[in-house]
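Please look at the sequence and the structure shown below.

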Amino acid sequence: MTSEPDVRGCLERLAHIHAITELKARYFRFLDTQQWDLWRELFADDVRFQFREEELVGADALVKYVAAHLRDAVTVHHGHTPEISLISPVSARGIWPMEDILRFPDGRVRHGYGHYHETYERPGDEWRIKTMKLTRLRVDDFAPGTA
C-alpha cells in the first residue's frame, strides 16, 4: 500500500510535469500567433538557444531574432510525446519530438522534423525554459508553387 507522503510526492511530481507541458504548449501557440511579449515570458532571462551552428543567448535576443525571421511567415509548430524528467523541485529537462511548417510570403515552404532538447527552471511559482537545442532529422524545402 502506498503511504500518504508517497502519494503526495507523486502528485506533486505529476503537477510539475503537467506545468512544463503547458509551458511548451504556450511556447508553440504564442510562436505561431506571433504574440512576442507573451512568448518572451516563457524564457529565463539568460536562456540559451542552439540551432544549426548558431547560439542565441538571452530571452530578448531570442525573441528579437525569431520575430524578425518569422515576421511575415505563417507557421505551424507541433510538439509530440515529451520525455520530461524532474531533476529537483526547481529544475527539469525534456525532449520534445517536433514538426514545423513555415510558409513565407514569397511562396517558399519549409517542413521540418526533429527534437527540442531543453532544460527548465522554476525560480518562483512558474516554470521557465532555461536552455533549448533544436536538432533536425529532416527538412524539406519547397520552392514557390510546389507545396
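## A network of charged side chains

Arg40, Asp45 and Asp60 are linked in a network of salt bridges, where a salt bridge is a side-chain nitrogen of Lys or Arg within 4 Å of a carboxyl oxygen of Asp or Glu. In one of these links the side chains of Arg40 and Asp45 meet with 2.7 Å from N to O. Asp45 counts as exposed because its relative accessibility is 59%; the cut-offs are under 20% relative accessible area for buried and over 50% for exposed, with partly exposed in between, computed with a 1.4 Å probe and protein chains only.

## Basis of the model

This is a predicted model, in which local features need pLDDT of at least 70 and side-chain atom pairs count only at pLDDT 80 or more, while totals for chains, interfaces and linings use all residues. Residues are numbered from 1 along each chain as its sequence is written, and side-chain values use heavy atoms, with hydrogens and water left out.

## Overall architecture

The protein has three helices and seven strands, and from the N terminus on these elements follow the order α-α-β-β-α-β-β-β-β-β. Helices (H or I, at least four residues) and strands (E, at least two) are DSSP runs, numbered from the N terminus. Taken along the principal axes, the C-alpha atoms fill a box of roughly 60 × 30 × 25 Å.

Of the 147 residues in the protein, 33% are buried. The protein exposes about 8800 Å², and carbon and sulfur atoms supply 54% of that area; accessible areas come from the Shrake-Rupley method with a 1.4 Å probe, and for residues only the protein chains shown count as cover. Among contacts between residues at least 6 apart in sequence, 53% join residues at least 24 apart, a contact meaning heavy atoms within 4.5 Å.

## Helix H1

Helix H1 covers residues 4-32, and its 29 residues should span 42 Å at 1.5 Å a residue, which agrees with the 42 Å between its end C-alpha atoms. The expected span is 1.5 Å times one less than the number of residues. Gln34, which follows H1, has a positive phi, near 55 degrees.

The buried residues of H1 include Ile17, Ile20, Leu23, Phe28 and Phe30, and also His16, Lys24 and Tyr27. Leu11, by contrast, lies in H1 but counts as exposed because its relative accessibility is 54%. Together with Val7 and Leu14, Leu11 forms a nonpolar patch on the surface with about 260 Å² of accessible area; patches are made of residues with over 30% relative accessible area and no salt bridge, like charges being joined within 9 Å and nonpolar side chains (Val, Leu, Ile, Met, Phe, Trp, Tyr) within 5 Å. Arg29 also belongs to H1 and is partly exposed, with a relative accessible area of 45%. The C-alpha atoms of Arg29 and Thr75 are separated by 10.0 Å, although the two residues are 46 residues apart along the chain.

## Two buried residues

Leu56 is found in strand E2, which covers residues 54-57, and counts as buried because its relative accessibility is 12%. Leaving aside neighbours within four places in sequence, Leu56 is in contact with Val47, Arg48, Phe49, Phe51, Leu62 and Tyr65.

Arg122 is found in the loop between strand E6 (109-121) and strand E7 (128-142). Arg122 is buried yet has no salt bridge, and Asp125, the nearest side chain of opposite charge, is 5.1 Å away; here Lys and Arg count as positive and Asp and Glu as negative, while His and the chain ends are not counted. Not counting residues up to four places away in sequence, Arg122 touches His16, Pro89, Val90 and Trp127.

## Further salt bridges

The structure holds twelve salt bridges. One of them joins the side chains of Asp141 and Arg110, with 2.7 Å from N to O. This pair links distant parts of the chain, since Asp141 is in strand E7 and Arg110 in strand E6, 31 residues apart. Arg110 counts as partly exposed because its relative accessibility is 31%.

Another salt bridge is formed by Lys130 and Glu121, whose side chains meet at 3.7 Å from N to O. Lys130 is partly exposed, with a relative accessible area of 24%, and Glu121 is also partly exposed, with a relative accessible area of 23%.
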